[in-house]
Every structure is written in C-alpha cells, then in structure tokens.
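Please walk me through this structure, stop by stop. I have it open in a viewer and want to know what to select next.

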Amino acid sequence: MELVLSGHTEAFEALVRPYRSCLLGLAHRLTGNIEEAKEAGQETLLKAFRYLRSFDREKSFKNWLLGIAVNVCRSLVRARIKAASFDQAFSASAPDDPTRLLQDKEMRSHLMDCLELLSSREREVFLLRDLEQRNIHETAGIIGCSSLSVRVHLSRARKKLAERLSGTLRGPREEKP
Amino acid sequence: MKCRRAKTLLPLAAGGDLSIRRDKHLQAHLHRCPDCRRELERYRKSLEEMKSLARTEALYDCSESEWRQMVRRAASLGLSRMRPSLPESRRLARTLGPALTLLLLVAGAILLFRGRNEKDIPPFPAGTRVGRVEVKELAPQPSPEPGLRQPAPSPQSAPVRPAPVEGTPVQPAFQAQAPQEQNITNLVFVSSESGLTIHWVFNSEFEWKEK
C-alpha cells in the first residue's frame, strides 16, 4: 500500500489480487449477470485506487473493498431497473445479444435462482453474512446500515430461502397451489 | 416464550446470530417445543444447502488478461482523476487563512464600534477651547460659641459676589484656573451639606456686569 501511495502504480495489482475472485464473485451474485459484474469490478478497482489514501489502515482492507463493490453494484442495478422501466414505457427495447444470453444461462445456477427471490438488501446481507462469512457488525459496516437492520434483512432472507428450498425438496406435487 | 415469538427468532438462531440472552430464552422454549425444534432444523438444513451450493458452483472469474487490463485501466484512470496532494505549508495556510480573516474582521468591528461611541458626544463648535473648573462651596465657619446660630449671610455680604470698587476690575470669589485663551468655562459648585450641584457654563460672549 505504501508503494502504491508513493506512486508505484504497478504495486496496485499485487494489493488487490488476493481479493480478485471474492470481488468478482460477489459482483456477479449481486448484479446477476456477467457484463455488469465486469463493469462493477472495474469501477470498484478504480474507486479503490482513487480513494486509497483515505483508507483507515486499522480496518480490514477486504471489508473496505467489498463495501465499495456493494455500493457500485447497487448503483448499477438501480440504473438497470430505471433503464428497463424506460424501455418498457416506450416499448423500444433492443433485442438481447444471443451470445450474452447463452453465457448468462451457463452461469445461472441454482444458487442464483434462489437469490433472485430476495430483495437487493436481503441479497447483500445474505451474501456477506452467510457466504462471505462476515459477522453482523462487519456486514453492517460494509453495507452502511445498522446491525439491527442487518438482522432483520438476514432473518427475512433465510426465511424466504428455507421456504424455497423446502418447496423444491418436497417436489412439485407437494407444493401449494 | 411462546411459539409465535420463537418462530421469529429461528432464522437468526439457525446461523448463530442471536444475542446470548435471546438464545438462552429460545433454548428454554425449544427444550419443550418439538414443533419449533423441527422448524429450526429446517432452517439449518436450508442454510447448509445454500452454503454447499455456493462452494460447489463455479464462482464467476474473468480471464487473467482481462483482470490485468482492469487493474491497469483503474490505475491510469485513477491517476488522471486523482487530486495532487497539497504541500504542508499550503495546507496550513488553507487552515489558518480563514481563521486570521475572521480575527481581523472582529477586531475591525470592535474598533468601529468604539469610534461610534465617541462620536455620540456632540462636538463643540470649531475653534472652541474648553476648560473645566470645579469649585467647592465655601463651608460655613464654625461659630465661636456653640449653640448660637450663625446669621444667614445677606446678599450684600456674600463672599462670592463682592461689591465692585470703581476703578478696579471685577474679581469673582474664585479664580478659574483655566488657560486664558479658552472661550468656554464650566464651573461646578457642590454643596458639602446638601449635595446640591450647580453647573455654570460661560461662553466667549459672556460679560460680567454688576447691576
């Protein structure tokens, strides 16, 4: 970090490499598609480089980086929803690229299907607490909300996922109409 | 704790996210409620299943060349957008500058206010020289015999206004110790007995004439 701050930009790659898979994976699970995950990764790295001087070294660098990634993904998803509502309103949406659709379908897993049930905040909380193994306080710090809010959203997320998974396990015959 | 309350805590209890106090209450309830125990087990299983899915399913990762390109672009764009850090002296000047300006403004306002207070006193006409003389009233002489009242002084025998003698200039009972060229004289008489204060102001056109 000292090297990067003293002007050695090539040291930045070594600084962020340990968090590469975690960063891109989280971005993909939060946004739900590859293009936006790449964009989020790029924007996160850019912001991390720009604001590296303001990073508090007594805190975790990984949590700081994840916090930036969560904020970037949130704004990307918000922009996409806004654009989608605009397209719907004017019925002028362009046809999707078939290659991209195929790529997305390959990456779309059972986990992603389950995550789609959750709201954006529930998804953020669930991914950080249960899959990234951050504790409640760390999750609250990354997302930028209170611990109480994290608990509420985590409880809702687990409830929704349990209902979904138990429904899948019971099979279509046992599902409620 | 009732089942309704316990069921709201079960999702958090499945991941061990309850506080010690609440967990203790919940455990006491679970000990005697098989329904809630089953519910908790269901939550635990679903959570484990999600975690195993996350472990087994491929996590998105870009290619090495893409990653390097992303980092390079971030560094180059970040450098171009980053503000150069100010030297210590300029940073200090930026901090102290507003404070000094404020201090000067306050000092100026105080000086202005004081000046105004002095201006509130109406000025004398131009070229006026002012003298101020305070003369105490002559105290009554102690009577030679105690118990006898001293007769009130008649106007003719008043010491402050002696009878003018022809050929001699008029001499007041007291002499104002003021510069001769001044054209306004202020005399103040203070009675030592009653505290009565009399102010006399003479201007340059005043002429004493005994009539």
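**Chain B, end to end**

Start at the N terminus of chain B and trace the elements: they run α-α-α-α-α-β-β-β. That makes 5 helices and 3 strands. Bear in mind that this is a predicted model.

Now colour chain B by burial. Of its 211 residues, 9% count as buried. Next, draw the contacts within chain B. Among those between residues at least 6 apart in sequence, 58% join residues at least 24 apart.

**The largest nonpolar core**

Which residues touch the most other members of the largest nonpolar core? Select Ala27(A), Leu45(A), Ala69(A), Cys73(A) and Leu10(B). The core holds 55 residues. Then select helix α5 of chain A, residues 61–90. This helix gives the most to the core, with 8 residues. As a general point, nonpolar side chains tend to be buried together in soluble globular proteins.

Stay with Leu45(A). What does Leu45(A) touch, not counting residues up to four places away in sequence? Its partners are Val16(A), Met70(B), Val71(B) and Ala74(B).

**A loop in chain A**

Move to Gln133(A). It sits in the loop between α8 (120–131) and α9 (136–143) of chain A. Check its backbone: phi is positive, about 60 degrees, although Gln133(A) is not a glycine.

Is Gln133(A) buried or exposed? Count the C-beta neighbours inside 10 Å: there are 9. The cut-off for exposed is 12 or fewer, so Gln133(A), with 9, counts as exposed.

Conventions:
Residues are numbered from 1 along each chain as its sequence is written. Chains are lettered from A and ligands numbered from 1 in the order in which they are written. This is a predicted model: local features need pLDDT of at least 70, side-chain atom pairs count only at pLDDT 80 or more; totals for chains, interfaces and linings use all residues. Helices (H or I, at least four residues) and strands (E, at least two) are DSSP runs, numbered from the N terminus. A residue is buried if 20 or more other C-beta atoms lie within 10 Å of its own, exposed if 12 or fewer, and partly exposed in between; C-beta atoms are placed from the backbone. A nonpolar core is a set of buried Ala, Val, Leu, Ile, Met, Phe, Trp, Tyr and Cys residues joined through C-beta atoms within 7 Å. Two residues are in contact if their C-beta atoms, placed from the backbone, lie within 7 Å.
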